[in-house]
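Subject: A structure for you to explore

Hello,

Here is the structure I promised to pass on to you. Have a look around it first, and then read on for what I found in it.

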Amino acid sequence: MTEQSPQTSRNTPRNNGVVVAACLTFVGAMVGASFAAVPLYDMFCRVTGYNGTTQRVEQMSQVVLDRKITVGFDANVASGLPWDFKPVQRNIEVKIGETVQVEFTATNISNKPTKGQAIFNVTPMVAGAYFNKVQCFCFTETELKPGETMTMPVVFYVDPEIVNTPETKSIGTMTLSYTFYPHESEKPVALRADEDKGPEQKL
């Protein structure tokens with residue numbers, strides 16, 4: 001049997017240590033990236049309009065084109081939130097660059113106060129970067145008392161730059177869609193506690 005050289009024997013523990021350290025560093029980096037992925041992705045979507053994410057602006061458009069576009073409205077409520085949520089108008093026709101206000105209504109059909117938070121997107125998704133919101137109920141959480149109905153305005157305009165991009169210049173219809181989700185604090189205590197447990201603790 002061939003005898004292992006002392007040189008190789010001495011280097012093996014050190015080499016193993018380098019490999020282990022490299023693996024641990026890689027795993028740590030992946031864990032950190034997973035925690036950062038959601039907020040970074042959300043920021044990326046808001047800046048670029050990717051995935052139909054609309055833009056938030058502080059002022060109204062200064063340019064209005066002599067060209068119209070139809071904007072439709074869609075309203076949804078996620079499971080766990082006892083609300084009736086719908087747009088006052090299903091669609092409107094507006095001039096590109098024209099600042100307009102539309103309204104949605106939400107009614108709490110339960111017998112207790114509830115809170116909701118709306119998320120939103122625009123289709124076709126490529127048009128999201130050109131849909132600018134000046135005012136929206138989706139910027140903050142909404143609380144409704146039992147049986148309460150609230151009218152919630154959205155002020156927006158379609159950026160005139162939409163006609164200068166090959167991918168969007170021929171778009172004639174856009175749809176703004178909202179989905180209301182229960183606010184985190186509205187979840188039952190038992191459910192929140194269960195979600196905080198690891199997989200092995202739930203078994």
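**Starting at Thr70**

Thr70 has a relative accessibility of 23%, so it counts as partly exposed. You will find Thr70 in strand E2. Leaving out residues up to four places away in sequence, Thr70 touches Asn91, Ile92, Glu93, Gly172, Thr173 and Met174. Another pair to look up is Thr70 and Lys95: 25 residues separate them in sequence, and their C-alpha atoms are 8.7 Å apart in space.

The protein chain has an average pLDDT of 77, and 62% of the residues score at least 70. For residues 5-9 the pLDDT is below 50, and this stretch has one contact in the model beyond near neighbours in sequence. Residues 31-52 also have a pLDDT under 50, with 25 contacts beyond four places in sequence. Where pLDDT is low, the predicted coordinates should not be read in detail.

**The strands**

Now for the strands. In what order do the strands of the open sheet lie? The order is E4-E2-E10-E6-E8, five strands with mixed pairing. E4 and strand E8 (142-144) are the edge strands, each pairing on one side only. From one strand to the next, the twist averages 30 degrees.

Within this sheet, E6 and E10 run antiparallel and are joined by eight bridges.

Next, take a look at E5. Seven of its nine residues are buried, so E5 is largely enclosed by the rest of the structure. E5 pairs with E3 in the antiparallel sense over five bridges, and Asp84 stands opposite Thr107 in E5. E5 also pairs with E9, again in the antiparallel sense, over eight bridges. There, Val102 stands opposite Val154 in E9.

**The core**

Which residues touch the most other members of the largest nonpolar core? They are Phe137 and Tyr178, in a core of 34 residues. Several strands give two or more residues to this core, among them E2 (68-77), E5 (100-108), E9 (149-158) and E10 (173-182). Setting aside neighbours within four places in sequence, Phe137 is in contact with Tyr178 itself, and also with Phe85, Phe104, Ala118, Thr142, Met152, Pro153, Val154 and Phe180.

**A salt bridge**

How many salt bridges does a search of the whole structure find? It finds one. Side chains of opposite charge can pair when their charged atoms come close. Here the side chains are those of Glu141 and Lys115, at 3.6 Å from N to O. The pair links distant parts of the chain, with Glu141 in the loop between E7 and E8 and Lys115 in strand E6, 26 residues apart. Glu141 has a relative accessible area of 35%, so it is partly exposed. Lys115 is also partly exposed, at 21% relative accessibility.

**One last detail**

Most residues other than glycine have a negative phi, and most peptide bonds are trans. With that in mind, look at the bond from Thr123 to Pro124: this peptide bond is cis, with omega near -5 degrees. Pro124 sits in the loop between E6 and E7.

Enjoy exploring!

Best wishes

Note on methods:
Residues numbered from 1 in each chain as written. Predicted model: local features only at pLDDT ≥ 70, side-chain atom pairs only at ≥ 80, totals over all residues. Heavy atoms only, no water. Core = buried A, V, L, I, M, F, W, Y, C linked by side-chain atoms within 4.5 Å. Buried < 20%, exposed > 50% of the residue type's maximum accessible area, 1.4 Å probe, protein only. Helix = DSSP H or I, 4+ residues; strand = E, 2+ residues; numbered from the N terminus. Contact = heavy atoms within 4.5 Å. pLDDT = per-residue confidence, 0-100. Pairing = 2+ DSSP bridges. Axes fitted to C-alpha atoms, helices over the stretch in contact; angles between N-to-C directions. Salt bridge = Lys/Arg side-chain N within 4 Å of Asp/Glu carboxyl O.
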